Amino acid sequence: MTAALTLIPREMTEERFDWVAALSAGGREQDEATRRLHELLMRAAHFEVNRRRGSLDSATDVDQLAADAAHDALMAITAKLHTYRGDSRFTTWAYKFALLEAATKVRRRAWRGREVSLDPDAWTRLPGLDAGPASSAEQSELMHALGHAIDQALTPHQRLVLVSVTLEGVPIDVLAERLSSSRGAVYKTLHDARRKLRQRLAEQGFDVDSGRKEAAV
Amino acid sequence: MSEHDVTRGMLGPSGPEIGCDACFEYLDRYVEAEVAGGDPDTAVPGMAAHLEGCPACSEEHDSLVALLRSSPIGSP
């Protein structure tokens with residue numbers, strides 16, 4: 001990866017280099033800019049895959065995973081080039097596409113073959129909502145109220161998303177893939193579920209950020 | 001997972017937050033402000049709460065910070 005850095009001409013790493021113009025110029029200039037951008041994306045993709053390597057089994061071809069991520073990032077950047085507004089360096093803007101693609105591919109690969117329960121009532125069988133023996137009375141009361149709110153206030157789809165993400169640790173983009181949805185849509189469901197739970201607990205007198213129940217007046 | 005972790009995860013951040021699409025749109029700007037020692041939360045209101053509530057976006061935020069800090073190319 002360090003070697004790839006030495007291939008990038010210095011002027012292309014500087015803020016004043018006009019990547020958008022070069023990537024839109026046509027001909028050899030565009031080809032060269034595209035090639036250089038791909039090198040940067042490969043570097044970012046390898047960086048991300050290596051950070052998350054521990055979640056992958058040894059049979060995974062990490063170089064291929066990074067190459068696929070860099071390719072998909074290049075396609076996304078090409079399609080969205082006109083949306084770059086110069087709020088950050090172009091390289092920072094481009095890196096985020098490679099990191100997103102690589103992180104998503106790693107998560108999906110790590111969860112490939114693992115079962116994700118799509119039963120909205122699975123939460124009733126999970127130990128996470130059982131207040132343990134060392135639990136305070138306040139905490140027990142909050143956990144009980146939370147379980148009741150999940151059961152009463154949420155739709156089955158909201159229960160499924162909430163429990164998968166927050167109790168079972170299913171990555172949002174893995175869940176989105178299993179539900180044929182998008183990360184944004186799944187997170188919106190999670191956000192709405194959390195708002196409902198907060199509201200329900202607040203109505204019962206809980207200060208949801210401290211976990212304490214306010215004294216009745 | 002402790003009970004505190006369970007309730008925090010289920011109830012999420014308390015403040016207003018942006019969604020995943022907006023998070024991706026502003027991530028580069030937010031991280032550059034952060035790495036430069038500026039005030040990223042003023043630059044992008046609602047981002048910090050989203051990063052607290054969304055594990056996937058939080059991971060990608062951490063990666064972009066780490067990449068910029070490791071890279072002579074991306075350093076502001």
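This briefing walks through a two-chain model, from each chain to the contact that joins them. The model is predicted: local features need pLDDT of at least 70, side-chain atom pairs count only at pLDDT 80 or more, and totals for chains, interfaces and linings use all residues. Residues are numbered from 1 along each chain as its sequence is written, while chains are lettered from A and ligands numbered from 1 in the order in which they are written. Chain A has nine helices and two strands, and chain B has five helices and zero strands. Helices (H or I, at least four residues) and strands (E, at least two) are DSSP runs, numbered from the N terminus.

**Chain A**

- Starting at the N terminus, the elements of chain A follow the order α-α-α-α-α-α-α-α-α-β-β.
- Of its 217 residues, 36% count as buried. A residue is buried if 20 or more other C-beta atoms lie within 10 Å of its own, exposed if 12 or fewer, and partly exposed in between, with C-beta atoms placed from the backbone.
- Contacts in chain A between residues at least 6 apart in sequence join residues at least 24 apart in 71% of cases. Two residues are in contact if their C-beta atoms, placed from the backbone, lie within 7 Å.
- A:Gly113 sits in the loop between α5 (90-111) and α6 of chain A. A:Gly113 counts as exposed because it has 7 C-beta neighbours inside 10 Å.
- From A:Gly113 to A:Ser210 there are 97 residues in sequence and 39 Å in space, C-alpha to C-alpha.

**Helix α7 of chain A**

- Nine of the eleven residues of α7(A) are buried, so this helix is largely enclosed by the rest of the structure.
- Among those buried residues of α7(A) are A:Leu160, A:Val161, A:Leu162 and A:Val163.
- The partners they pack against are α6, α8 (172-178) and α9 of chain A, together with α1 of chain B.

**Chain B**

- The order of elements in chain B, from the N terminus on, is α-α-α-α-α.
- Its C-alpha trace spans about 40 × 25 × 20 Å along the principal axes.
- Chain B has 76 residues, and buried residues make up 46% of them.
- B:Leu64 belongs to helix α5 of chain B, and B:Leu64 is buried because 27 other C-beta atoms lie within 10 Å.
- Leaving aside residues up to four places away in sequence, B:Leu64 touches A:Tyr95, A:Lys96, A:Leu99, B:Leu27 and B:Val31. B:Leu64 and B:Val31 are 33 residues apart in sequence, with 7.1 Å between their C-alpha atoms.

**Where the chains meet**

- The contact draws 42 residues from chain A and 29 residues from chain B.
- On the chain B side, α1 (3-11), α2 (20-35) and α5 (55-70) each supply at least two residues. By class, this side of chain B has 15 nonpolar, seven polar and seven charged residues.

**Helix α1 of chain B**

- The buried residues of α1(B) are B:Glu3, B:Val6, B:Thr7, B:Met10 and B:Leu11. They lie on the same side of α1(B) because they cover an arc of only 110° around the axis, taken from the directions from the helix axis to the C-beta atoms.
- B:His4 and B:Asp5 are exposed, on the face of α1(B) turned away from its buried side.
- Cover for the buried residues of α1(B) includes α6 (137-153), α7 (156-166) and α9 (183-203) of chain A.
- α6(A) and α1(B) pack at an angle of about 40° with their axes 11 Å apart. Axes are lines fitted to C-alpha atoms, for helices over the stretch in contact, and angles run from 0 to 180 degrees between N-to-C directions.
- In this pairing, A:Gln139, A:Leu142, A:Met143 and A:Leu146 of α6(A) meet B:Glu3, B:Thr7 and B:Met10 of α1(B). The residues of this contact divide into four nonpolar, two polar and one charged.
- Just after α1(B), B:Gly12 has a positive phi of about 70°.

Technical notes
Nonpolar A, V, L, I, M, F, W, Y, C, P; charged D, E, K, R; others polar.
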